[in-house]
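Welcome! Please take a moment to look over the sequence and the 3D view, and then we will walk through two topics together.

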Amino acid sequence: MIPPAFDYHAPRSVGEALSLLGSLGGDAKLLAGGHSLLPMMKLRFAQPGHLIDLNRIPELRGVCEDGGEVVIGAMTVENELIANAIVRAKAPLLSDAAKLIADPQVRNRGTIGGDIAHGDPANDHPALSIAVDASFVLQGPKGQRRVKAENFFLGTYSTALADDEILVSIRVPAFAAGTGWAYEKLKRKTGDWATAAAAVVLRLDGGKVSHVRIALTNLAPSALRAVDAEQALLGQPLNDATIRAAGAAAMAAVNPAADLRGDVEYKTAMAGQMVQRAIRAAAARCA
Ligand SMILES: Cc1cc2nc3c(=O)[nH]c(=O)nc-3n(C[C@H](O)[C@H](O)[C@H](O)COP(=O)(O)OP(=O)(O)OC[C@H]3O[C@@H](n4cnc5c(N)ncnc54)[C@H](O)[C@@H]3O)c2cc1C
């Protein structure tokens with residue numbers, strides 16, 4: 001299918017992109033990897049008159065460290081997340097999980113920023129960002145602001161990003177020594193979105209859970225932090241009973257939509273399973 005006609009703009013800086021966004025208004029869309037936007041245009045779910053391509057803006061790409069945080073440019077592609085030495089060492093959940101996103105072709109072009117900004121509850125980076133306690137740096141005409149991942153996803157395809165803002169970077173606190181992590185993603189086939197997935201970041205102190213973050217993909221209208229599941233573990237030893245209790249708490253929190261991947265009952269049950277598996281896998285990585 002062919003998308004509707006549009007005018008194409010290729011700014012060379014964030015400032016230039018923001019000026020275009022300001023002057024073209026609601027008729028413009030930012031273009032990153034195009035792997036979500038272009039299918040939506042082909043299906044006529046989006047019909048922007050202008051595309052503002054972010055691919056020629058070097059400041060939006062790459063990874064660095066700053067003040068104990070890993071700073072990932074919004075235009076960094078999935079394959080770079082997988083390969084990047086800083087991400088692998090300091091926020092390894094993101095490298096591991098990126099391998100489970102889509103297929104090699106999509107991972108070559110699809111960006112972390114596009115995955116987040118799209119606001120699709122089936123995308124993996126929203127829950128991953130919540131699990132690693134990331135903040136998003138949004139730049140608009142009045143400057144930059146930071147929004148916690150946990151507060152960014154407002155509903156299906158709805159985020160805290162204003163129409164005149166660009167997501168410029170994702171800031172992730174570097175994992176403390178002894179942190180375990182896991183992303184368990186149930187999917188029908190390679191390259192598919194999650195039927196149900198759980199991201200867990202965990203630390204133990206004296207055999208008890210001293211830090212835990214649990215976030216879920218495609219189990220509610222937006223990525224979900226499973227706070228009650230975290231509470232079931234915090235301060236407790238990890239054993240079959242506490243892990244099962246966390247799984248049950250996650251099942252009580254989800255609100256999945258029935259679709260070709262499964263009905264509500266199945267997805268709810270899989271949420272519990274993915275949470276339990278991810279807790280066990282994360283615990284095995286705690287040094
Ligand atoms: C076959 C297939 C399988 C897939 N499987 C998965 C999967 O398993 N898991 C998963 O997470 N994703 C999956 N995806 C989606 C893929 O990861 C997309 O690349 C991603 O959702 C969007 O990133 P993008 O860079 O392609 O953004 P685009 O498609 O270019 O943009 C998406 C939206 O975000 C906006 N946007 C982009 N960048 C910015 C920015 N910096 N600031 C503000 N707004 C911005 C755009 O205007 C647009 O509205 C799949 C896609 C395909 C085609």
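Which atom of the ligand is 2.9 Å from an N or O atom in the side chain of Lys185? It is an oxygen atom of the ligand. Keep in mind as you read that this is a predicted model.

**Around the ligand**

The ligand is surrounded by 29 residues. The closest of them are Leu30, Ser36, Thr111, Asp115 and Asp124.

| Residue | Atom of the residue | Ligand atom | Distance |
|---|---|---|---|
| Lys185 | side-chain N or O atom | oxygen | 2.9 Å |

**A pair of packed helices**

Now turn to helix H11, residues 240-253, and helix H12, residues 264-285. These two helices pack at an angle of about 140 degrees, and their axes are 8 Å apart. Because of that angle, H11 is oblique to H12. The crossing of H11 and H12 is right-handed.

Which residues make the contact? From H11 come Asp240, Ile243, Arg244, Ala246, Gly247, Ala250 and Met251. H12 contributes Thr268, Ala269, Gly272, Val275, Gln276, Ile279 and Arg280. Sorted by class, the contact of H11 with H12 holds seven nonpolar, four polar and three charged residues.

Key. Residues are numbered from 1 along each chain as its sequence is written. This is a predicted model: local features need pLDDT of at least 70, side-chain atom pairs count only at pLDDT 80 or more; totals for chains, interfaces and linings use all residues. Side-chain values use heavy atoms; hydrogens and water are left out. Axes are lines fitted to C-alpha atoms, for helices over the stretch in contact, and angles run from 0 to 180 degrees between N-to-C directions. Helices (H or I, at least four residues) and strands (E, at least two) are DSSP runs, numbered from the N terminus. Angles under 35 degrees count as roughly parallel, over 145 as roughly antiparallel, 65 to 115 as roughly perpendicular and the rest as oblique. A crossing is left-handed if the near helix is turned anticlockwise from the far one by less than a right angle, and right-handed if clockwise. Contact means heavy atoms within 4.5 Å. Ala, Val, Leu, Ile, Met, Phe, Trp, Tyr, Cys and Pro count as nonpolar, Asp, Glu, Lys and Arg as charged, and the others, Gly among them, as polar. A residue is near a molecule or strand if one of its heavy atoms lies within 4 Å of it. A polar contact is a pair of N or O atoms within 3.5 Å; within protein, one must be able to donate a hydrogen and the other to accept it, and residues adjacent in sequence count only if both atoms are side-chain atoms.
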